[in-house]
Amino acid sequence: MRRTRLLGALLAVTALTAAACGDSDDDGTVSGGQTNTTSNKPTFAAGSTMASLQSKGKIVVGVKFDQPGLGQKNPLTNKVEGFDVEIAKQIALGIFGGNPNDIESKIEFKESITANRETFIENATVDVVIATYTINDARKQRIDFAGPYYVAGQDIMVKANDTSIKGVADLNGKKTCSVRNSTPALNIKGGPNGVPPARAPQADLTEFDTYSDCVQAMRDGRVQSVTTDNSILLGFVNSAPTEFKIVGNKFTDEPYGIGLKRGDDAFRTFINDRLEVIYGNGEWVKLFVATLGKLGIPTPTPPPVNRYASAGVVTPTTAADGGATTTTVAASTTSTSRP
């Protein structure tokens, strides 16, 4: 009888222990769509950026703080959330190992606006920038890119009752807003020597440092529209669906890359390899659905990474994004546009 009671007690303890260990979702995922698995700490060559980051125990990542769905600081938790943030976590997991639940302790997120991203990389304020960072030739003269990890497209946001703007040509003669020195702004007014060409040369363009400032300017009537990547605009529309709408007539392709110090080929190769891992194991899709997917963006096929040579000529690579096509161009060309 005593032996039976002891066996029963042991079984009860075992059941309680199993229940305590079973807090994760039945499908093995955690919030944000990431798989709830723990990976071992990898080993890297001495002197590499990855080994250095391991030694420091931290990676500093530049992200946006004001872009819903991509990189936005939650005022309730004081944490930055969005697709760019989740991509950063996946890069960190590849460096430090561990669990998606705990990896944020290894990351310092630093706000990076459009104007300071290259400078932050060059002066080592950040280790990488993952901040709706369009890959283009001018930037490749200063920094390197891994990726792309997503391809967006420029569109226009207007007030919900505005029927006068249906495409980029309708911006001519109207007040519109974008971010200072950004690719979207240059696409409207044109860049030096006509690169990129002006899409709406007669538009009355206002430029601020952040898109949230543009949204406020449209809200109070100083401008009639805001133009930038559709992925960014959809975040603002989702936050105020009865106030704003997307025109839905995109006119560019914008491949988002991960910016890093120019010439660090080993680090760039590592990040590209890591992106291909999360493409292949389904993590990328899960993270997209959990972030940008909630804004109503259909889940695309991840774009192929472009393994260009830092100081050489890029082999043109066509990337499909939900039917959209983009071709990256050579680093040695003289485009002056900036994302």
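**Close-up 1. Ala124 is an exposed residue with a positive phi.** Ala124 counts as exposed because its relative accessible area is 54%, where exposed means over 50%, buried means under 20% and partly exposed lies in between, for a 1.4 Å probe and protein chains only. The phi of Ala124 is near 65°, a positive value in a residue other than glycine, and the residue belongs to the loop between helix H4 (117-122) and strand E6 (128-129). Helices here are DSSP runs of H or I with at least four residues, strands are DSSP runs of E with at least two, and both are numbered from the N terminus. The model is predicted, so that local features need pLDDT of at least 70 and side-chain atom pairs count only at pLDDT 80 or more, while totals for chains, interfaces and linings use all residues. Residues are numbered from 1 along each chain as its sequence is written, and side-chain values use heavy atoms, with hydrogens and water left out.

**Close-up 2. Asn181 also has a positive phi.** Although Asn181 is not a glycine, its phi is positive, at about 65°, and its place is the loop between E9 and H6. Asn181 is partly exposed, with a relative accessible area of 38%.

Close-up 3. The bond from Gly147 to Pro148 is cis, with omega near 10°, and Pro148 is part of strand E7 (residues 143-152). Val195 and Pro196 are likewise joined by a cis peptide bond, with omega of about -5°, but Pro196 sits in the loop between helix H6 (183-189) and E10.

**Close-up 4. Helices H3 and H10 pack against each other.** Two packed helices are described by the angle between their axes and the distance between the axes. Helix H3 (residues 83-96) and helix H10 (residues 283-290) pack at an angle of about 150°, with axes 9 Å apart; axes are lines fitted to C-alpha atoms, for helices over the stretch in contact, and angles between N-to-C directions run from 0 to 180 degrees. H3 and H10 are therefore roughly antiparallel, a description that applies to angles over 145 degrees. Phe83, Glu86, Ile87 and Gln90 in H3 meet Glu283, Trp284, Leu287 and Phe288 in H10, with contact taken as heavy atoms within 4.5 Å.

**Close-up 5. Three strands form an open antiparallel sheet.** The order of the strands is E2-E3-E4, with antiparallel pairing, and two strands pair if DSSP finds at least two bridges between them. Strand E2 (66-67) and strand E4 (80-81) stand at the edges with a single partner strand each, so one side of each has no neighbour in the sheet. E2 and strand E3 (residues 71-73) are antiparallel and pair over 2 bridges, and Asp66 stands opposite Gln72 in E3.

**Close-up 6. Five strands form an open mixed sheet.** In this sheet of 5 strands the order is E10-E9-E11-E8-E12, and the pairing is mixed. Strand E10 (204-208) and strand E12 (244-246) are the edge strands, each pairing on one side only. Strand E9 (residues 175-179) and strand E11 (residues 225-229) run parallel and are joined by 2 bridges, with Cys177 opposite Val226 in E11. Helix H7 (residues 211-219) packs on the sheet and touches strand E8 (154-159), E9, E10, E11 and E12, and its direction makes about 155° with that of E11. Helix H8 (residues 230-239) also packs on the sheet, touching E8, E11 and E12, and its direction makes about 130° with that of E11.

Key: Parallel < 35°, antiparallel > 145°, perpendicular 65-115°, else oblique.
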